[in-house]
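Some terms used for a protein model rest on cut-offs.

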Amino acid sequence: MFNLSKMNRFWRLPVGNNWQQNKGKSPVKEVEDSIPLRLLVLVLVTLGIVATDIAGETQFSLWTIPLTMVGTWWSYYCRGRSNIPVQFCIAIGMLLALGAFFGRFAGNWNDTRLSLAELLIQLQVLHSFDTPRRKDLGYSIVIGLILVGVAATLSQTMAFAPVLLLFLAVALPTLTLDYRSRLGLKQSNAEKSPKKNYPSFNFKFLILNFLLIVALGLGIFAILPRFPGYQLRSFPVSAPIKAPENFTGRSIINPGYVREGKGNSNDSGRESGNAGEPGKIDDNFYYGFNSEMNQNLRGEMKPKVVMRVRSQAEGFWRVLAFDNYTGKGWKISRQDQVTTLRQSPWSYRISIDSPPFINMTKEVVQTYNLVSELPNLIPAMSYPKDLYFPTPMIAVDQENGLRAPVELSVGLTYTVVSDVPYRDRSLLGKASTKYPANIKKYYLQVPPEIADKVRKRTEEILASYDQQRVSRSPGTKNLNSAYEKALYLAQYLKQNYALPTNPLELPYLGEKDDLVATFLFKNKGGYPDHFSTVLTVMLRSIGIPARLVAGFAPGEFNPFTGMYVVRNTDAYAMTEVYFPKYGWFSFDPIPGHPLIPPSIEEEQTFSVLRQLWNWVAGWLPSPITAILNTVFGTIFKLLFQGIVWFLALFTKGWLGVLTGLIVVTIAAFFGWLSWGQWRRWLNIRCLNKLPPMERLYQQMLQWTANKGLGKHPSQTPLEYAQVSYQYHSLEIAEVIDEICRAYVSWRYGDYNPNWRQLQQKWQKLKKDSSVDL
């Protein structure tokens with residue numbers, strides 16, 4: 001039978017007694033009662049979620065923000081309770097969220113940033129229902145910060161910038177309130193002092209700190225070097241895409257060439273302008289991304305962004321090349337001769353064989369993010385060696401163009417690793433003119449009707465250069481190499497032929513008209529791509545192998561996102577020339593374009609700083625820009641000359657080495673003295689600008705630091721005061737304690753202590769200790 005006396009004795013035991021006393025009470029010793037702190041933490045988390053939505057183009061905010069608000073209210077309402085059932089449900093929810101994450105991870109394990117962000121957001125929503133303590137709110141602050149960091153890695157536009165600035169603006173008062181809570185400052189006597197019901201902020205101080213942090217952040221970002229290699233080989237790639245079973249890589253799928261209602265399995269259903277017939281350019285798609293380029297089209301495209309590229313070097317995003325000139329355009333003669341390549345079984349990587357050239361190369365990693373539909377042609381810098389693409393296979397044509405099994409859709413992300421060759425003018429100028437048979441077979445073709453006429457005109461242009469060289473500058477080099485001839489002909493076309501002022505003013509070519517002949521002898525100019533066609537045919541006419549290559553210009557570089565914004569209007573064609581043992585190199589004869597397209601020869605380590613200066617200089621008047629360029633150019637020139645002189649000392653024997661060491665020693669000594677004086681002057685200047693109470697507090701910290709007991713950044717003033725009793729005499733520790741308490745009351749409690757009396761005590765203490773501050 002149940003014995004009541006034994007039960008009564010059990011309640012008198014310590015454990016039972018404690019359980020009975022704590023029944024229905026919260027085991028939490030201290031709860032966070034500050035409503036402003038909780039609201040600011042909620043705003044921080046909300047901004048982190050919104051930033052992730054903006055950068056990742058997701059819609060987490062639709063359900064997570066309302067639930068987080070409900071959870072924040074519930075946590076405050078139940079902050080003094082145990083909430084055991086709620087905590088149990090939270091634990092179950094976190095396990096379910098973890099299981100869902102592993103499911104997403106298996107589907108796209110190559111780029112898990114968005115999956116991790118989604119997991120973190122789900123955990124934060126669950127966590128928001130149980131945040132009774134300041135430490136729990138601190139976890140939410142960290143989650144908001146992590147979400148903003150993830151959003152920064154996903155962001156491709158400036159839309160993320162306002163959210164980042166707003167996050168920083170909210171974070172400063174949030175950290176202030178969090179620090180007040182750590183100090184143990186409570187809102188008491190609210191009924192006596194209603195005006196002190198909410199903490200007061202020094203908004204001027206917060207605004208100055210905000211501006212200082214933004215300025216420092218932008219400065220560090222601008223001068224941050226962009227190193228030439230990725231440290232990890234896990235590149236961004238979209239989720240896997242299933243390829244058609246009948247993929248052969250022989251067809252090009254260009255939405256701009258497919259008529260409505262027709263399939264896109266081949267490229268036969270083009271718009272008007274097929275096979276050299278007159279027609280109109282598509283408004284959205286570049287007409288050259290197809291197996292045949294009809295240059296008898298007129299019109300212009302409407303600008304729109306097609307992709308964003310993150311690259312370690314500025315370059316030409318090559319798409320495809322043509323080998324056969326038709327008289328009114330170009331076509332790929334070996335359309336069916338493609339090689340199919342498959343992914344590695346354990347990664348998205350597709351290896352591409354590089355041609356055996358002897359020149360030096362530089363590895364360049366590019367990540368492409370599509371924001372508009374494109375053909376199934378994969379843009380990449382020249383000579384890709386590794387492609388990280390979401391389809392299990394791709395095809396490579398005879399002109400080194402990459403083809404995907406499907407169209408490049410909106411949101412597609414892939415990465416290319418290219419071995420881009422250096423362009424050494426002296427080596428290319430000495431390249432042999434003995435071309436392989438397959439090169440001569442496909443890249444010297446010129447229609448017989450115009451071959452003699454174009455060759456004669458080309459030779460006249462080159463001969464005119466030799467005549468001018470002899471008459472004006474006898475010491476100038478002659479055009480005795482294919483490289484120099486290609487450079488000169490490209491420059492000649494830029495300077496002597498014109499672009500039409502109106503995109504529609506150029507007449508269509510007739511049935512018997514040839515584009516190159518009409519350009520050279522009748523119209524004296526043409527559209528941009530016509531210049532490249534003419535240069536290619538002119539080079540072929542004098543025995544230099546060349547082909548037409550189409551792709552995208554680098555685009556507009558955004559120094560804040562670090563990405564090149566590429567539009568459909570950036571697409572154009574230029575000439576590639578073959579040099580035995582060195583490969584293909586591009587020449588751009590289009591007026592207004594650089595003669596040699598951007599490549600790896602330009603140093604890109606501090607390209608953000610250079611691009612930022614170019615952006616700033618664009619807003620300044622030309623005289624000011626010229627003066628600043630001259631001043632900074634002179635400074636950097638002198639600095640460079642000084643470094644060269646110093647390094648040259650170590651090449652002049654023992655005397656030079658000794659002189660160099662003496663220079664280093666003297667420079668280091670004066671640098672040390674100057675740095676010490678500068679810090680001392682700056683410290684005095686800063687102290688004089690501080691309020692009296694804060695100045696006294698900082699002077700006390702400096703004095704104790706010189707005595708060997710500096711304050712750790714993680715210590716609060718009150719914690720530091722308690723520690724001082726262990727290392728100083730009682731008299732000194734009491735003064736330190738009094739100053740720390742007065743400082744905390746002044747800084748965080750709107751209390752005005754008698755700082756003059758404290759200063760007198762401090763001065764007397766220093767005098768008695770015979771220590772100068």
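**Rings, charges and cores**

A search of the whole structure, a predicted model, finds 33 aromatic pairs.

Q: Why is the pair of Trp-73 and Trp-74 called tilted?
A: Rings of Phe, Tyr and Trp (its six-membered ring) pair if their centres lie within 6.5 Å; planes under 30 degrees apart count as stacked, over 60 as edge-to-face and the rest as tilted. The centres of Trp-73 and Trp-74 are 6.4 Å apart and their planes stand at 55°, so this pair is tilted.

Q: Why does Trp-73 count as exposed?
A: Exposed means over 50% relative accessible area, buried under 20% and partly exposed in between (1.4 Å probe, protein chains only). Trp-73 has 52% relative accessibility, so Trp-73 counts as exposed. Trp-74, with 27%, is partly exposed.

Q: What makes Arg-547 lie over the face of Trp-584?
A: A charge sits over a ring if NZ of Lys or CZ of Arg is within 6 Å of the ring centre and within 35 degrees of the ring normal. Arg-547 lies over the face of Trp-584, at 3.9 Å from the ring centre. Arg-747 lies over the face of Phe-205, at 5.5 Å from the ring centre.

Q: Which residues touch the most other members of the largest nonpolar core?
A: Such a core is a set of buried Ala, Val, Leu, Ile, Met, Phe, Trp, Tyr and Cys residues joined through side-chain atoms within 4.5 Å. Among its 102 residues, these are Leu-387, Phe-389, Ile-394, Phe-552 and Phe-579.

Residues are numbered from 1 along each chain as its sequence is written. Local features need pLDDT of at least 70, side-chain atom pairs count only at pLDDT 80 or more, totals for chains, interfaces and linings use all residues, and side-chain values use heavy atoms, leaving out hydrogens and water.
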